[in-house]
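This report goes through one protein model, from its overall make-up down to single side chains. Please keep the sequence and the 3D view at hand while reading.

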Amino acid sequence: DTTAGGRRAVCGIVRFLWGEPLGATEAERFQEFFSAIGVFDPEEKVGVPGGMERKEPEKLDPERRKRTFEEVERGFGPEEALQEASRCLKCYRIGMIAY
């Protein structure tokens, strides 16, 4: 976009004249990051998944932990992992409000 390019150029000149560091601004880096991963859609309707509590992975019994080198947390199975992943609130949307 020509207008955006002109704005970036003017901002860079102003930073140079004021003795500020040159390079991409925080907002530009933020935009580059989300453009690269392709997850931000300003029209997306996220909603808030209500009532979905965080699952805790099964843990090894404390008495057994004392005498073994087994993993303490068992982790999630495929179904539980998908349920946990569905709790995602897409935090990048919160960050985009600032810009």
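## Model and confidence

The structure is a predicted model. Its mean pLDDT is 77, and 73% of the residues score at least 70.

Helix H3 has the highest mean pLDDT, at 91, while helix H5 (residues 92–97) has the lowest, at 54.

## Overall fold

Which kinds of secondary structure does the protein have? It has five helices and zero strands, and the order along the sequence is α-α-α-α-α.

Of the 99 residues in the protein, 9% are buried. The accessible surface is about 8500 Å², and carbon and sulfur atoms account for 57% of that surface. For contacts between residues at least 6 apart in sequence, 52% link residues that are at least 24 apart.

Helix H1 covers residues 2–17, which is 16 residues. How far apart are the end C-alpha atoms of this helix? They are 23 Å apart, which agrees with the 22 Å that should be spanned at 1.5 Å a residue. After H1 comes Gly19, which has a positive phi, near 75 degrees.

Val10, Ile13, Val14, Phe16, Leu17, Trp18 and Leu22 make a nonpolar surface patch of about 800 Å². One of these residues, Val14, sits in helix H1. Val14 has a relative accessible area of 31%, so it counts as partly exposed. In general, an α-helix has 3.6 residues a turn, so residues three or four places apart point the same way.

## Salt bridges around helix H3

The protein has five salt bridges in total. Among them is the pair Glu70 and Arg64, whose closest N and O atoms are 2.5 Å apart. Arg64 belongs to helix H3 (residues 62–65). With neighbours within four places in sequence left aside, Arg64 contacts Glu70 and Arg74. The relative accessibility of Arg64 is 45%, which means that this residue is partly exposed.

Glu70 also forms a salt bridge with Arg74, with an N to O distance of 3.6 Å.

Glu84 lies in helix H4, which covers residues 78–85. Why does Glu84 count as buried? Its relative accessibility is 16%, and buried means under 20%.

Which residues does Glu84 touch, not counting those up to four places away in sequence? The list is Glu53, Arg54, Lys55 and Phe76.

Definitions and conventions:
Residues are numbered from 1 along each chain as its sequence is written. This is a predicted model: local features need pLDDT of at least 70, side-chain atom pairs count only at pLDDT 80 or more; totals for chains, interfaces and linings use all residues. Side-chain values use heavy atoms; hydrogens and water are left out. Helices (H or I, at least four residues) and strands (E, at least two) are DSSP runs, numbered from the N terminus. Buried means under 20% relative accessible area, exposed over 50%, partly exposed in between (1.4 Å probe, protein chains only). Contact means heavy atoms within 4.5 Å. Accessible areas come from the Shrake-Rupley method with a 1.4 Å probe; for residues, only the protein chains shown count as cover. The expected span of a helix is 1.5 Å times one less than its number of residues. Patches are made of residues with over 30% relative accessible area and no salt bridge: like charges are joined within 9 Å, nonpolar side chains (Val, Leu, Ile, Met, Phe, Trp, Tyr) within 5 Å. A salt bridge is a side-chain nitrogen of Lys or Arg within 4 Å of a carboxyl oxygen of Asp or Glu. pLDDT is the predictor's confidence in each residue, from 0 to 100.
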